[in-house]
Amino acid sequence: MPKIIRTLFIWANAGLLATLVAVFVRDGNREWKKYQKQYFALEAQELEEKAGAAANPEEQASLLKQAQSKRRGKFEIRQIIVKDLVRIDRCITCHVGMDSLNNPSLTTNFSQNPYKGHPGDFLKTHSPTKYGCTICHQGQGLATTAQAAHGFIKHWEEPALEAPFIQASCAKCHDNFESLPYAETAAEGKRLFAKNGCYGCHGIKGWGANVSEDLGEIASKPLSQIDFSATGLPREQWNVKNWILAHLTQDPLKIVPGDPEGRLGPPVPPSGMPPFYLDLKEEQAQAITSYLLSMSAEKTPYDYHVYAPPKPEPVLALVVERGKHVFDKYGCAGCHGIEASGGRRNFNALGPGQDPSGLDPIVEMAKGRAPDLRETVGTFTHEELKAKIQSGVPPANVVKFKADGPTPPLFMPPWKEKIKDRELEDLIAYLFSIAKKTEEW
Amino acid sequence: MTGNPSPTPIKPPEKFSPSKLLAKIGKGAVLTDPEEIKKLVTNHQIWRSVFRGGIWKNTPRDRALHIMGNVWLHLHPVRVRLRSLRFAYSWGLGGLSFWLFLLLSISGILLMFYYRPTADLAYRDMKDLEFVVSFGWLWRNIHRWCAHAMVLVVILHMVRVFLTGAYKPPREFNWVIGVTLLTLTLFLSFTGYLLPWDQLALWAVTVGTNMAGAAPFLGNEGPFGDLLGMKINNDIRFGLLGGTVVGEATLIRFYVLHCVFVPVVMGAITMLHFWRIRKDTFSAAPYSPNEEKLETWPHLVAREYVAAALATVAILVWALLINAPLEEAANPTVTPNPSKAPWYFLGLQELLVYFDPWIAGVLIPNVIIAGLCAIPYIDPNPKGVGYYSFKERPFANTMFLFGVAMWFILIAVGVWMRGPSWSWYWPWENWAVHKPPPPPTWDVPNWIGGSLIAAYFTAGIILPRLIKKNLNWKITLPGTLFLCAGLGLGLKIIHALLLDKSAFLAKNIPIFGPGSFILIVFLLFTFAFFGVLMPQRYIRSLAIGRYAGTMILVLLTMSILIKIGCRTGLNIKYVFSLPQFNFNI
């Protein structure tokens, strides 16, 4: 037998042994064990301190014994099986203080994560054994490493929600979230969504217009359908939350640039979303995001839902007030500005101050504006305005600034089926009230 | 244990009595001599009841009986030739293929204890294996990496067998069995690809099985499928998937195929393969007089053990360092862009750029398999059996390596160069930067294209046989290159004229995009060298039947290059097209 075979024989066996040891070391030292050990050590320490202070030696001995058994511990995977949702949440494997089998009170004196108890009294009304953890917190309940469990990894699209975005979870089931304590931010988000006229372009489960994407399931939008490359976000922060936030804190024209100059084929306009980031504060953008993150595709059982009666229409005496309410309700502000204060950006539509010989065609096209109603309404008769609102302006009829540029992304949907009868008359009255007066004929 | 089989000097047998020894121990004696302990163990009744043969005296007879009397070892001959033991001869690839198959069976069975093949549970079971099952991650990683390694090792084994001419008589049929095993290996790996039920699995299998729908006659999108009444819900793809899309029915089908059907068939055929190796003798190497022969025990068995152990260490290290991939849960409504087939099919997927699916996905793989099986029967060269020799088999080796290289180059392009919408992206390019769509294509009129195809095969077969003398390559090669450059230039000019005559004459369109011109000349020259000059030099005097068979395979291989050139250089979509039958070339 050649010497090399003998040498290889020894080395191969040594290698097998070494890898076998490595396998056992890796499997035996799973990350969660560290946390569980530390948790029970903390509990034991507490008991030992108690024992030190105990007057009765019998009590002292019993406490010390308890502490000892804590330290010896029973290290195991702990999980909540949520039957309603067919989910398994293993969060309590590390957050042992919130395992109701181990710690029925669900509170601890430890201040550090993952050892502390659940803050607030949410768990009193939301039994963790019934609902689990991820229904509110998101993240990957099946996982048992910190990074994977909190979902900040590739291929897990629902990372754990932190404040204030976690309020989205309240709104998922509580239709009455606007009147709930702790859900104020999401409620504010819903209010801002309406106020800024977002409904004018984005429907939510059918309510609102369809100029752009319906946001009814936006929280579950597959990340593979989103191009984050222009957001400037680092890859590990590519998630739906940051995608919505980016639309409200950056210029949508920059993050969805399209191909307005037609480099890759027919020109594609950039995002048609107006630059709301100019008007919104950081907290307001977060509020709208918190609200929208409640729009999940996942179905929750009907008995999870707390229903709220639909909001009554306000009773307004003045025709103009009623008309303004119609203007707000259908999201006209999205394109025509809050209180019709001026047309918002509509890429490559006609706009004020456009220079056909301008150096940067993108800058010039970006000066395109939706009509300023104060200027235009006055040029219509009552019947003409009514017809205009009813039929809208289809994308092909929006007048372009650059004829060979992209079709302007914003257009006016036909409102015939939505705004009618008295609402329509009220709206027209409101519009005439804000229009600049032209000479009487 | 030396290499010399000279008879071991037989000492007068020592009278060994376990009972005496045990009595000695009973009196307080301590056993320190390892030889003595070994003797005590191996001569014990229990040991001897397990292992056949008498008391082990390490004589040649003992070692021979050890091989013959052991069911696991008896497929080996008792003695093997030294040259077949050399590592640089076989590289241990056949044995490693089988060892990987065994490792896959073991890890696969362990995984089956946890895995449930339903759409709701399969993905979750993957997560459980990773996060909570003891050693679950290990067995899944081992299974995944072994599967990749086995595909590669089996292919390399085939290359080795080809290069040592080990498929020549009397081993022709065992080569065919080997090709069958290679096909089964690919199918086994492919069926397993679906089981994790994540996006990677779903879409790779969707891409792969869509090919079945393009099968001629049997697929709803294939040529002449209409004639047999093929629809989306009754064709061969439907039979494979158990539905019109990859769904839960597919999952259970692939599960049964992967865990039961294919492994059993493969195990049976593997046994056939081994049996023929044993019966056709272990090595194809020619005998030399007084050739040294070594005992299988320990010489071969030790080598096999070392190779298997080292491979296992490599797989374990791989499994420790890199986790098997698992993407988002399968979602039929979200198509990743690009959707890529498993790597070993990416060469074929890459060919989809140049051919309709029935050619790229059905015709070409079937011709490859048939062509591989035909090799031993059309190669009459008796030389080069049992050793590597380029000189004695210049044509066979060149053409085979050319085919293998083409296969792997196409795979490399598919794996690393293709991004969204199957556009060309260099590995360092950002996929988020969109690429312009490919230029518009055009079809060659059928009468021209049909004549060209007929001329290609007729001239391709006749031409090399027509020139009867040996060409001097020092003159021929530069001449051919010059000819190809001229031809390439002419083609580009004709193409430009066809595209837009006035623009061309006004020099307004850039026709000599250097990339596509160089590619055309390169492909033309490759064709001229491998498709004309090589056959002319080496096989023109073959018997007509074998010559024609070989040339058809060569010309079919070359036609792939020609079509790549037509598409990339001249934007031609179809050379010949019968749209009413979905028959487009």
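Colleague: How many helices and strands does chain A have?

Modeller: Keep in mind that this is a predicted model. Chain A comes out with 18 helices and four strands. Its radius of gyration is 30 Å, well over the 22 Å that the globule rule gives for 441 residues, so chain A is more spread out than a compact globule.

Colleague: What does the C-alpha trace of chain A span along its principal axes?

Modeller: About 100 × 75 × 35 Å.

Colleague: And how much of chain A counts as buried?

Modeller: 35% of the 441 residues. As for contacts within chain A, take those between residues at least 6 apart in sequence: 60% of them join residues at least 24 apart.

Colleague: Switching to the interface. How many residues of chain B are in contact with chain A?

Modeller: 32 residues of chain B, and they are in contact with 27 residues of chain A. On the chain B side, α8 (122-131) and α14 (296-321) each supply at least two residues.

Colleague: Which element of chain B gives the most to that side?

Modeller: α14(B), with 12 residues. By type, the side of chain B that touches chain A divides into 20 nonpolar, six polar and six charged residues.

Colleague: OK, now inside chain B. At what angle do α9 and α10 of chain B pack?

Modeller: The angle is about 165 degrees between α9 (residues 136-163) and α10 (residues 172-193) of chain B, and their axes are 10 Å apart. Anything over 145 degrees counts as roughly antiparallel, so that is what α9(B) is to α10(B). The crossing of α9(B) past α10(B) is left-handed.

Colleague: Which residues meet there?

Modeller: From α9(B) the list includes Met150(B), Val151(B), Val154(B) and Ile155(B), and from α10(B) it includes Trp175(B), Leu182(B), Thr185(B) and Leu186(B). The contact of α9(B) with α10(B) divides into 10 nonpolar residues, four polar and no charged.

Colleague: Where do the cis peptide bonds turn up, say the ones joining Ala163(A) to Pro164(A) and Pro169(B) to Pro170(B)?

Modeller: In chain A, Pro164(A) lies in the loop between α7 (146-149) and α8 (167-173), and omega for the bond from Ala163(A) is about 0 degrees. In chain B, Pro170(B) is in the loop between α9 and α10, with omega of about 10 degrees for the bond from Pro169(B).

Colleague: Next up, phi. What is the phi of Lys205(A)?

Modeller: Positive, about 50 degrees, although Lys205(A) is not a glycine. You'll find Lys205(A) in the loop between β3 (202-204) and β4 (207-210) of chain A.

Colleague: Is Lys205(A) buried or exposed?

Modeller: Exposed, because 10 other C-beta atoms lie within 10 Å of its own and the cut-off for exposed is 12 or fewer. Phe135(B) also has a positive phi without being a glycine, and the value is near 60 degrees. Phe135(B) sits in the loop between α8 and α9 of chain B, and with 14 other C-beta atoms within 10 Å it is partly exposed.

Colleague: Last one: where is Ile55(B)?

Modeller: In the loop between α3 (45-50) and α4 (60-68) of chain B. Ile55(B) counts as exposed, with 11 C-beta neighbours inside 10 Å. The C-alpha atoms of Ile55(B) and His44(B) are separated by 9.4 Å, and these residues are 11 apart along the chain.

Key
Residues numbered from 1 in each chain as written. Chains lettered and ligands numbered in written order. Predicted model: local features only at pLDDT ≥ 70, side-chain atom pairs only at ≥ 80, totals over all residues. Rg over C-alpha atoms; globule rule 2.2 N^0.38 Å. Buried ≥ 20, exposed ≤ 12 C-beta atoms within 10 Å, placed from the backbone. Contact = placed C-beta atoms within 7 Å. Nonpolar A, V, L, I, M, F, W, Y, C, P; charged D, E, K, R; others polar. Axes fitted to C-alpha atoms, helices over the stretch in contact; angles between N-to-C directions. Parallel < 35°, antiparallel > 145°, perpendicular 65-115°, else oblique. Left-handed = near helix turned anticlockwise from the far one by under 90°.
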